[in-house]
Amino acid sequence: MCGIAGSTQPNDHRAVDAMLQRLAHRGTDGSGVSSDPNGKIALGCVRLAITDLTGQANQPLISVDGRFVLVFNGYIAGHRRKIQAVTRDGLTFQTRNDAELVLQLMSDAIRRGSDPAKVLQTFSGQYAFALWDVAQSCLWLARDPLGIKPLHVLSRPDGHIAFGSEISAFSAISPLVRDERVKSTYLAHLFVPVPDTGKEAVKLLPPGTLMCWQAGEVSIGLIAHPAYRADKASQIPTAGDLLSAVRQSVADAMDADCEVGCLVSGGLDSAGVAALACDIARERGQSIPKAFVMGFDDPALDETEATQKLCRHLGQELHVVAAPTQPEDIYQELVAALKSVGGPFANPSIVLMRCLAKAVSGNVKVCLSGDGGDELFGGYPRYRAAQLYETYWHHVPRHLRRLTAKLYGAGNRREIHRFLAGGSGARNHAFAVWNNRCVIPECDARIAQRPDLGGSLTDTMMHFDRDVTLPGNQLLMSDRCGMAHGLEYRLPLLGYDVVRIAAAVTAKQHLKYGSKSLWRQAITPYLPAGHVQNHKIGFNPPVATWLVGVARYAWGDENRILEAIFADIAISQGRKTAYWNRAISGKDLDMALSVWALMVWQIWVELDGSDMGCAADTA
């Protein structure tokens with residue numbers, strides 16, 4: 001993992017060096033900049049050395065003939081096997097690094113006039129990179145199809161561009177202007193959906209994009225998503241097929257020239273990854289990976305007891321990291337998180353993830369995570385809601401559904417209220433309500449995409465979460481929080497063979513015996529008795545408590561809080577007070593998240609233009 005940056009502005013070596021200084025937290029093991037012989041471009045990298053720790057693997061990497069220059073962020077699963085295979089085909093390598101594998105295969109494809117996107121679709125892993133072709137004065141930018149690693153592009157005068165792993169890098173070369181047009185979609189999703197970022201002229205390269213820049217002209221290619229290469233016409237994959245694919249993905253993710261750890265929880269995904277990692281470590285004669293979990297004072301949020309039982313079963317050394325409780329600490333971590341994102345981001349779990357990553361990075365350099373399991377295998381309750389709607393509820397006359405939703409108020413059980421609110425109309429209404437996180441109608445929050453609902457509503461919702469919400473939310477947090485502390489998260493459940501198998505199974509099949517039926521069947525033998533029956537808690541803070549504490553820390557008394565948070569919304573004082581009281585009651589999570597999002601927006605606006613361009617890790 002690394003931080004990469006570059007600029008096509010002529011003779012911009014010093015500017016790129018300044019960009020790298022703002023990305024220094026992403027790579028503490030080296031820094032380098034390479035300039036085109038004719039001054040046409042400069043590319044740089046700050047390196048976090050994970051594979052091949054020698055200086056020979058430092059970046060930028062230059063091909064033997066000097067034609068191609070690469071800066072690379074990420075890792076390629078099974079890269080040693082691939083290097084051996086292509087070596088037999090005649091290629092020679094100077095390092096044991098996966099970045100050189102990308103350099104060799106991409107440059108070979110370009111020399112032969114082949115489509116480089118087809119090379120990239122053979123890789124599994126997580127990556128973002130820039131490749132400069134000196135001979136053709138052509139810059140290739142790519143981001144992995146799952147959207148695990150970020151790559152931002154800044155449009156500059158006269159058709160020139162700059163790129164960087166984080167938006168903060170661009171403040172070294174250009175003033176950044178806030179883009180408030182993203183507010184409606186930000187409030188709906190709690191993040192800014194791709195390609196927007198919250199900054200004018202700055203776009204986030206969509207997942208699976210291969211962009212080519214040449215003399216100010218841009219063309220776009222697509223790297224095939226593994227899910228859409230799944231063959232649904234063949235035999236339905238078995239639990240054994242899934243287990244084999246996940247096991248190989250875990251084994252590949254553990255291939256690092258440094259110590260590897262695991263995030264663990266009382267749930268199924270991270271526990272399953274940890275269980276396989278421990279089994280593989282024993283098989284290889286390696287030490288058992290250390291385990292990390294966040295502990296909470298509130299028993300309703302805490303998974304420590306279940307995790308301790310899991311780690312005793314697996315033989316792991318468990319480290320419990322205390323969740324922050326003081327408003328000042330939470331505020332400072334939130335500010336640091338907004339700087340690393342570079343735009344508004346309202347999932348409060350980002351504060352927890354920053355604190356956890358800081359503790360984990362003091363023990364290991366690489367950490368395995370269970371991210372993606374809910375989206376791939378059907379873990380969220382709203383998937384069951386969609387299935388219930390399609391099977392039964394939409395057959396009920398619409399006027400009766402609307403009346404039921406009206407009679408069942410928001411103060412009642414959250415899941416039932418949301419189901420009835422979404423289920424009161426047609427399928428597109430259900431999709432919009434269940435995917436819009438904002439419950440304040442005056443905000444005019446709107447989801448970014450309206451996907452084709454021609455197929456199963458449940459399948460559509462799972463695909464939307466995998467392709468839009470996962471990269472915009474959870475994967476963004478994993479990257480920014482880990483890299484803020486020089487920690488590489490690897491996500492085995494997003495290995496391409498795993499994704500293909502999961503996509504070949506319909507949502508109905510994933511939910512056949514409850515959530516994650518296939519994955520549950522596959523991993524149960526590796527977990528302690530009763531673990532798969534644990535109640536799903538999730539990685540969430542006490543939002544209402546945090547909201548009160550942070551708002552009071554930022555603005556003081558309630559009048560100032562309401563004035564700040566609802567500054568841009570035309571509603572009465574009484575309505576503001578009512579929304580605030582619902583949000584801090586501890587009984588309305590949706591309202592708490594909606595008001596939290598408004599608060600974060602205001603904090604971001606107040607920060608913007610002051611020190612938002614500074615190095616991300618300040619807490």
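**Entry 1: the model**

I note that this is a predicted model, in which local features need pLDDT of at least 70, side-chain atom pairs count only at pLDDT 80 or more, and totals for chains, interfaces and linings use all residues. Residues are numbered from 1 along each chain as its sequence is written, and side-chain values use heavy atoms, with hydrogens and water left out.

I checked the pLDDT (the predictor's confidence in each residue, from 0 to 100). Its mean for the protein is 93, and 97% of the residues reach 70 or more. Over residues 615–619 the pLDDT is below 50, yet this stretch has 17 contacts in the model beyond near neighbours in sequence; contact means heavy atoms within 4.5 Å.

**Entry 2: the antiparallel sheet**

Helices (H or I, at least four residues) and strands (E, at least two) are DSSP runs, numbered from the N terminus. Two strands pair if DSSP finds at least two bridges between them.

I traced an open sheet of 6 strands with antiparallel pairing, in the order 2-3-1-9-8-10. Strand 2 (31–35) and strand 10 (202–204) are its edge strands, each pairing on one side only. Strand 2 and strand 3 (residues 42–47) are joined in the antiparallel sense over 5 bridges.

I then traced an open sheet of 5 strands with parallel pairing, ordered 15-14-13-16-17. Strand 15 (318–322) and strand 17 (488–490) stand at the edges with a single partner strand each, so one side of each is left without a neighbour in the sheet. The twist averages 30 degrees from one strand to the next; axes are lines fitted to C-alpha atoms, for helices over the stretch in contact, and angles run from 0 to 180 degrees between N-to-C directions.

Strand 13 (residues 260–263) pairs with strand 14 (residues 290–295) in the parallel sense over 3 bridges. Within strand 14, Lys 290 is the bridge partner of Gly 261. Helix 10 (residues 349–361) lies across strands of this sheet, among them strand 13 and strand 14, and runs at about 145 degrees to strand 14.

**Entry 3: helix pairs**

I looked up helix 6 (residues 239–253) and helix 18 (residues 496–503), whose axes come within 8 Å and cross at roughly 160 degrees. That makes helix 6 roughly antiparallel to helix 18, a term for angles over 145 degrees. The residues of helix 6 that meet helix 18 include Leu 242, Ala 245 and Val 246, and those of helix 18 include Val 498 and Ile 501. By class, this contact has 5 nonpolar, 1 polar and 2 charged residues (Ala, Val, Leu, Ile, Met, Phe, Trp, Tyr, Cys and Pro count as nonpolar, Asp, Glu, Lys and Arg as charged, and the others, Gly among them, as polar).

Helix 14 (residues 414–423) and helix 15 (residues 427–435) pack at an angle of about 145 degrees, with axes 7 Å apart.

**Entry 4: backbone**

Most residues other than glycine have a negative phi, and most peptide bonds are trans. I found that the peptide bond from Gln 59 to Pro 60 is cis, with omega near 0 degrees; Pro 60 is in the loop between strand 3 and strand 4 (61–62). The bond from Val 194 to Pro 195 is also cis, with omega near 10 degrees. Ser 137, although not a glycine, has a positive phi of about 50 degrees.

Conventions. Angles under 35 degrees count as roughly parallel, over 145 as roughly antiparallel, 65 to 115 as roughly perpendicular and the rest as oblique.
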